[in-house]
Amino acid sequence: MTTLPVRRAVVIVASTRAAAGSADDLTGPVIRAWFEARRYDVPAPIVVADGEPVGRALAEALATSPDVIVTTGGTGVSPTDATPEQTRPLLERELPGVAEELRRRGLAATPTAILSRGVAGVSGRTFVVNLPGSRGGVRDGLEVLGGVVDHVVDQLAGGSHD
């Protein structure tokens, strides 16, 4: 019997209100459940305020070398939205096609999806993706990721293109 390697994911929620306890985190648990359904080991979402705390949480998560990190929130145009700016310096290679498809797929549901500035890329052997903070944006984003996440993780682990 072949045992599949344990894949690990980390979910980071960028929400100043949820970090302060004045709002519920409505997207982190959805992402965690999605990864669990795909048999990833994923701890409870890390909830941090917008801005620099996102960068610190990303750096700390990357230090543990998970297979995937998905952030949710902080990708819009409000003055505190800074998730892409906190993510980009940590990436060795960007995957613009992933971010473009996330926006394109979201646009089919809502015109404001084009305002998302999220990025996607690779840091070491970790696939990093910024999703919007809305439940609809997360739903659409997970639909996009469902078609590529396992392939990217396999590739980063040295797998073939089969």
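Modeller: A crossing is right-handed if the near helix is turned clockwise from the far one by less than a right angle, and left-handed if anticlockwise. Helices (H or I, at least four residues) and strands (E, at least two) are DSSP runs, numbered from the N terminus. The model is predicted: local features need pLDDT of at least 70 and side-chain atom pairs count only at pLDDT 80 or more, whereas totals for chains, interfaces and linings use all residues. Residues are numbered from 1 along each chain as its sequence is written, and side-chain values use heavy atoms, with hydrogens and water left out.

Helix α2 spans residues 28-37 and α6 residues 135-146; their axes come within 11 Å and cross at roughly 20°. These axes are lines fitted to C-alpha atoms over the stretch in contact, and angles run from 0 to 180 degrees between N-to-C directions. The two helices are therefore roughly parallel to each other, a word for angles under 35 degrees, while over 145 is roughly antiparallel, 65 to 115 roughly perpendicular and the rest oblique. On the α2 side, V30, I31 and W34 make the contact, and on the α6 side V138, L142, L145 and G146; contact means heavy atoms within 4.5 Å. By class, six of these residues are nonpolar, one is polar and none is charged. Ala, Val, Leu, Ile, Met, Phe, Trp, Tyr, Cys and Pro count as nonpolar, Asp, Glu, Lys and Arg as charged, and the others, Gly among them, as polar.

Helix α6 also meets α5, their axes coming within 9 Å and crossing at roughly 130°. The pair is therefore oblique, and this crossing too is right-handed. From α5 the contact draws on V98, E101, L102, R105 and G106, and from α6 on D140, G141, E143, V144 and L145. Here the classes are four nonpolar, two polar and four charged residues.

The largest pocket holds about 420 Å³ of space. T112, A113, S116, P132 and S134 are the closest to its centre among its 25 lining residues. A pocket is an open set of points on a 1 Å grid over the protein atoms alone where a 1.4 Å probe fits, with protein on both sides within 12 Å along at least five of seven lines; lining residues have an atom within 4 Å of a point. Grid points are joined across faces, edges and corners, and a volume is the space filled by probe spheres set on the points. Elements giving two or more residues to this lining are α5 (96-107), β7 (126-131) and α6. The largest share, five residues, comes from α6. The lining as a whole has seven nonpolar, 15 polar and three charged residues.
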